[in-house]
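User: Hello! I am new to this structure and would like to learn how to read its features. Could you walk me through it?

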Amino acid sequence: MIASVRGVVTATGPDQAVIEVGGVGLAVHCAPATLAELRVGESTRLATSLVVREDSLTLYGFADDDAKQLFELLQTASGVGPRLAQAVLAVHTPDAVRKAIANADTAALTRVPGIGKKGAERLVLELRDRIGPVPVGVDGAAGVTGGAWPEQVRQALVGLGWTAAQADQAVSAVAETVDGPTPPVPVLLKQAIRLLGRTR
């Protein structure tokens with residue numbers, strides 16, 4: 001079991017980073033908010049979870065051990081695999097996930113792509129007693145840590161290797177699609193990456 005990796009970030013992409021550890025480049029799948037914190041050429045430490053399948057070994061990376069533990073707990077629920085568990089943590093912070101499950105907030109859980117009403121109810125039913133302590137006054141969206149979302153998305157895009165001009169253009173395009181409540185920052189970041197992917 002690879003519990004964590006520490007090394008230099010050699011590349012980042014829309015859904016994974018390459019961390020060089022002892023001369024070996026490890027591909028680590030990460031949520032957008034985690035990728036946004038990584039800088040090519042800089043050293044980092046990621047908590048990791050290794051998912052073993054008959055035909056693959058996939059390493060998932062997280063900013064801290066708390067997110068990793070929740071990722072592993074989510075997979076103990078029926079019908080939840082690693083990709084869906086990571087999608088939950090891309091939309092919500094670990095504290096927000098705990099709060100949603102503890103309070104049976106299925107509306108918050110169904111904001112995750114791939115989770116419908118029945119899936120959300122099953123998560124609540126199966127994990128409610130195992131979710132751990134729920135902090136008071138938790139905000140719902142991942143990556144909302146002060147500052148307006150355009151600046152957060154812009155910084156993340158520049159960190160992923162696009163120019164400031166390209167980042168500004170993508171943020172403007174995404175802003176035009178926001179109507180009503182602002183989606184979580186990771187969702188907006190994914191939209192911007194998709195837009196830029198067409199122009200690369």
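Analyst: Happy to. Let us begin with charged pairs: a search of the whole predicted model finds five salt bridges.

User: Which residue forms a salt bridge with Asp95?

Analyst: Arg98 does, with the closest N and O atoms 3.6 Å apart. To read such a pair, look at where its two residues sit. Asp95 and Arg98 both belong to helix H4 (residues 94–102) and are three residues apart, about one turn of the helix.

User: How is the protein chain divided into domains?

Analyst: The domain assignment gives domain 1 (4–62), domain 2 (65–128) and domain 3 (149–198). Taken over C-alpha atoms, the centres of domain 1 and domain 2 are separated by 22 Å.

User: How many residues of domain 1 and domain 2 are in contact?

Analyst: On the domain 1 side there are 13 residues, in contact with 11 residues of domain 2.

User: And how is the size of an interface given?

Analyst: Often it is given as the accessible area lost when the parts come together. Here, about 950 Å² is buried between domain 1 and domain 2, and carbon and sulfur atoms give 61% of that area. Three residues stand out: Ser49, Tyr60 and Phe62 supply 48% of what domain 1 buries against domain 2, more than any other three residues.

User: What polar links does the rule find across the interface of domain 1 and domain 2?

Analyst: There are three residue pairs in polar contact across the interface of domain 1 and domain 2. The rule also finds one salt bridge across it. As for side chains that meet in this way, Arg45 and Asp65 form a salt bridge at 3.6 Å, N to O.

User: Which elements give two or more residues to the side of domain 1 that touches domain 2?

Analyst: They are strand S4 (43–53) and strand S5 (56–62). S4 gives the most, with six residues. Sorted by class, that side of domain 1 has seven nonpolar, four polar and two charged residues.

User: What does the UniProt annotation cover?

Analyst: In an unreviewed entry, UniProt annotates residues 72–91 and 107–126 as "domain: Helix-hairpin-helix DNA-binding motif class". To see what such a span looks like in the model, check its ends and its make-up. Residues 72–91 are 65% helix and 0% strand, with end C-alpha atoms 16 Å apart. For residues 107–126 the end C-alpha atoms lie 17 Å apart, and the span is 65% helix and 0% strand.

Note on methods: Residues are numbered from 1 along each chain as its sequence is written. This is a predicted model: local features need pLDDT of at least 70, side-chain atom pairs count only at pLDDT 80 or more; totals for chains, interfaces and linings use all residues. Side-chain values use heavy atoms; hydrogens and water are left out. Domain bounds come from an automatic or database domain assignment. Contact means heavy atoms within 4.5 Å. Buried area is the accessible area (1.4 Å probe) that two parts lose on being put together, summed over both. A salt bridge is a side-chain nitrogen of Lys or Arg within 4 Å of a carboxyl oxygen of Asp or Glu. A polar contact is a pair of N or O atoms within 3.5 Å; within protein, one must be able to donate a hydrogen and the other to accept it, and residues adjacent in sequence count only if both atoms are side-chain atoms. Helices (H or I, at least four residues) and strands (E, at least two) are DSSP runs, numbered from the N terminus. Ala, Val, Leu, Ile, Met, Phe, Trp, Tyr, Cys and Pro count as nonpolar, Asp, Glu, Lys and Arg as charged, and the others, Gly among them, as polar. UniProt positions are given in the numbering used here, feature names are shortened, and annotations may be inferred rather than shown by experiment.
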